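Please have the sequence and the model open while reading.

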Amino acid sequence: MKSLHLAAEADSDKLLPLVSAFHAEMGFDTDAEHQSNAIAPLLAGSPHGAAWLIGLRRAPVGYIVVTFGWSVEYGGLDAIVDEIYVRPAVRKRGMGFEALNGIAKALKEGGVRALHLEVDMADETAVRFYSRARFAPRDGYLLMSRVL
């Protein structure tokens, strides 16, 4: 996929403003230091996840972060779309959809058995978007978190 590029340390100056914009839009209580510290290991090649730029590498319009885990239920490696963001001015042009499908295809080819994500059930636009990308809610399951 030409519009999806694995981000590396040299892409930090392009990626971090997008992360900041996403966190502001979502109302996440993070600052630039927190964002940089969270992204840096992924850009340095951490086995726990990766970040991709959406759009042209020199002028990306968004990003996607995927983290990895292991699932006995799914029979191996699984992944979570931790964050996906496309600038508001260029939304609804298919770039986010293309990025999700490109990531899903690449992960499947790499042996990942399932791709998960979390979405606000009240955000009907996001739910429709993810449904079109073939994500489906799991009946009877609720994602729960414990901050450590």
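How many residues has the largest nonpolar core, and which of them have the most contacts inside it? That core has 23 residues, and I54, I64 and L100 have the most contacts within it. A nonpolar core here is a set of buried Ala, Val, Leu, Ile, Met, Phe, Trp, Tyr and Cys residues joined through side-chain atoms within 4.5 Å. Buried stands for under 20% relative accessible area, exposed for over 50%, and partly exposed for what lies in between (1.4 Å probe, protein chains only).

The model is predicted: local features need pLDDT of at least 70, side-chain atom pairs count only at pLDDT 80 or more, and totals for chains, interfaces and linings use all residues. Residues are numbered from 1 along each chain as its sequence is written, and side-chain values use heavy atoms, with hydrogens and water left out.

**Core and sheet**

Elements are DSSP runs numbered from the N terminus: helices (H or I) of at least four residues, strands (E) of at least two.

| Element | Residues |
|---|---|
| Strand 2 | 49–56 |
| Strand 3 | 59–71 |
| Strand 4 | 76–86 |
| Helix 3 | 95–109 |
| Helix 4 | 124–132 |

Helix 3 gives the largest share of this core, five residues. Another core, of 13 residues, lies apart from it and includes F22, I39, A51 and V65.

Five strands form an open sheet in the order 1-2-3-4-5, with mixed pairing; two strands pair if DSSP finds at least two bridges between them. Strand 1 (4–6) and strand 5 (114–117) are at the edges with a single partner strand each, so one side of each has no neighbour in the sheet. Strand 4 and strand 5 pair in the parallel sense over four bridges, and V81 stands opposite L117 in strand 5.

**Aromatic rings**

Rings of Phe, Tyr and Trp (its six-membered ring) pair if their centres lie within 6.5 Å; planes under 30 degrees apart are stacked, over 60 edge-to-face and the rest tilted. Under this rule there are six aromatic pairs. F22 and F28 form an edge-to-face pair, because their ring centres are 5.7 Å apart and their planes stand at 85°. F22 counts as buried at 9% relative accessibility, whereas F28, at 38%, counts as partly exposed. Ring pairs also link F22, F28, Y63 and Y85 into a cluster.
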